[in-house]
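Subject: A structure for you to look at

Hello! Here is the structure I promised to send over. Have a look at it first, and then read on for what was found in it.

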Amino acid sequence: MATPQEKLADALEALHQLQEKGKIAIRSEDLGRPQRELLLKHGFLRSVMKGWYIASPPESAQGESGIWFTAYWSFCAQYLADRFGDDWSLTPELSLALQTGNRTVPHQLLVRAEKAGNKATGLLLGTSLFDTRAALPEASDLVVQDGLRLFSIPAALIAASPGYFDANRIDARAALGTIRDASELLERLLEKGQSVVAGRLAGAFRNIGRGRIADDILKTMDRAGY
């Protein structure tokens, strides 16, 4: 019969093999029940939600945020892929934040999905995930970054809420600064006749000193009859 130390060693080896495969979001079925219970007991696993775990150094305190915030984005990417396959994305606002280097962990992660349940799921340390049925980016407007499904920057700038530019000025300026030419936006704006959005974006570009792009947007929309 294996000793307790040998059982723990076997459980740690199973956990190590999962980590070698890049597993951050660990499901109950990824480990045998005795292994899982041993790892939880000794602090090598931490429960994120029912049936889902992350690896944790045993010396870390239960309330320590570093472990969770380090694993957060990878955990969410793997959990959402397991739950929704390819039929999900983050919001335009989060898409802009992540693509401009802002990886701040939100209090609540907003997720769009075709099969969303329109409900919140509690995670560690007061964070949560809310999945809602809302439009996903077109295939041509989809960007996958570290497993996270995002709106491209041009599509996200168009789809972002009206208050985004005031509430997230640093991210907005960084995102606007990646646009080299008005043509990156105009096809989408013209296709759906989004004259109000076009005016908002023209104002935003003028605000950051990109007057040429602002003028091109306005002139082209005007010529198209908007």
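Let's start with F75: leaving aside neighbours within four places in sequence, F75 is in contact (heavy atoms within 4.5 Å) with I24, A25, V48, M49, W52, Y53, I54 and W68.

Before going further, a word on the source: this is a predicted model, in which local features need pLDDT of at least 70, side-chain atom pairs count only at pLDDT 80 or more, and totals for chains, interfaces and linings use all residues. Residues are numbered from 1 along each chain as its sequence is written, and side-chain values use heavy atoms, with hydrogens and water left out.

F75 also belongs to the residues with the most contacts inside the largest nonpolar core, together with L80, L90 and L109. This core has 29 residues. A nonpolar core is a set of buried Ala, Val, Leu, Ile, Met, Phe, Trp, Tyr and Cys residues joined through side-chain atoms within 4.5 Å; buried means under 20% relative accessible area, exposed over 50%, and partly exposed in between, with a 1.4 Å probe and protein chains only. Among the elements that each supply at least two residues of this core are strand 2 (45-49), strand 3 (52-55) and helix 3 (65-84). Helices (H or I, at least four residues) and strands (E, at least two) are DSSP runs, numbered from the N terminus. Helix 3 gives the most, with eleven residues. Apart from this core lies another, of 28 residues, among them F151, I153, F165 and I179.

Now for strand 2. Four of its five residues are buried, so strand 2 is largely enclosed by the rest of the structure. Strand 2 pairs with strand 3 in the antiparallel sense over four bridges (DSSP must find at least two bridges for strands to pair). In this pairing, S47 stands opposite Y53. The two strands form a hairpin with two residues between them, and G51 in the turn has a positive phi of about 85 degrees.

What classes of residue make up the lining of the largest pocket? There are seven nonpolar (Ala, Val, Leu, Ile, Met, Phe, Trp, Tyr, Cys and Pro), seven charged (Asp, Glu, Lys and Arg) and two polar residues (the others, Gly among them). A pocket is an open set of points on a 1 Å grid over the protein atoms alone where a 1.4 Å probe fits, with protein on both sides within 12 Å along at least five of seven lines; lining residues have an atom within 4 Å of a point. Helix 5 (153-159) and helix 8 (183-191) each supply at least two residues of this lining.

Enjoy exploring!
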